[in-house]
Amino acid sequence: MGLPKRRISRARGRKRRTANMRLAVPTLVECSNCGNRGMRHRVCPKCGFYRGKQILKPEEMA
Ligand SMILES: [Zn+2]
């Protein structure tokens, strides 16, 4: 088994670990139909449109 030659400094170890703790910025895209901002590759929760087509009926939604 390999053994590390040097102890990794506190700062270096912490830096490596905190790299995964950064908050992911959510990618918001505007709906082509109503302009509502939502997640990419998802049917618009407001009007039910996706890729220029009506997927969900508006009356189905609250
Ligand atoms: Zn919409």
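Arg37 and Glu30 are both exposed, where exposed means over 50% relative accessible area, buried under 20% and partly exposed in between, computed with a 1.4 Å probe on protein chains only. These two residues form a salt bridge in which the closest N and O atoms are 3.9 Å apart, a salt bridge being a side-chain nitrogen of Lys or Arg within 4 Å of a carboxyl oxygen of Asp or Glu. By this rule the count is 1 salt bridge. As background, side chains of opposite charge can pair when their charged atoms come close.

The model is predicted, so local features need pLDDT of at least 70 and side-chain atom pairs count only at pLDDT 80 or more, while totals for chains, interfaces and linings use all residues. Residues are numbered from 1 along each chain as its sequence is written, and side-chain values use heavy atoms, with hydrogens and water left out.

**The zinc site**

The zinc ion is coordinated by the SG atoms of Cys31, Cys34, Cys44 and Cys47, at 2.2 to 2.3 Å; donors are N, O and S atoms within 2.8 Å of the metal (3.2 Å for Na, K and Ca), and because water is not among the atoms, sites may look incomplete. The arrangement is tetrahedral because the 4 donor atoms subtend angles of 107 to 113° around the zinc ion, and four donors count as tetrahedral if all angles lie between 85 and 135 degrees. Along the sequence, the donor residues follow the spacing C-x2-C-x9-C-x2-C. Within this set, Cys31 lies in the loop between strand E1 (28–30) and strand E2 (37–39), and Cys44 in the loop between E2 and strand E3 (49–50), so that the pair, 13 residues apart, links distant parts of the chain. Helices (H or I, at least four residues) and strands (E, at least two) are DSSP runs, numbered from the N terminus.

Cys31 is buried, as is Cys44. Cys44 and Cys34 are 10 residues apart in sequence, with their C-alpha atoms 8.7 Å apart in space. The structure holds 0 disulfides, a disulfide being a pair of cysteine sulfur atoms within 2.5 Å.

**Accessibility of selected residues**

| Residue | Relative accessible area | Class |
|---|---|---|
| Cys34 | 33% | partly exposed |
| Cys44 | 5% | buried |
| Cys47 | 11% | buried |
| His41 | 56% | exposed |
| Arg14 | 49% | partly exposed |

His41 is found in the loop between E2 and E3, and has a positive phi of about 55° although it is not a glycine. Arg14 belongs to helix H1 (residues 10–18). The C-alpha atoms of Arg14 and His41 are separated by 35 Å, the two residues being 27 residues apart along the chain.

**The largest pocket**

Which residues lie nearest the centre of the largest pocket? They are Val29, Cys31, Met39, Arg42 and Tyr50, from a lining of 16 residues. The elements that give two or more residues to this lining are E1, E2 and E3. On a 1 Å grid over the protein atoms alone, a pocket is an open set of points where a 1.4 Å probe fits, with protein on both sides within 12 Å along at least five of seven lines, and lining residues have an atom within 4 Å of a point. The volume of the largest pocket is about 230 Å³.

Technical notes:
Tetrahedral: all angles 85-135°; square planar, octahedral: opposite > 155°, others 65-115°. Points joined across faces, edges and corners; volume = space filled by probe spheres on them.
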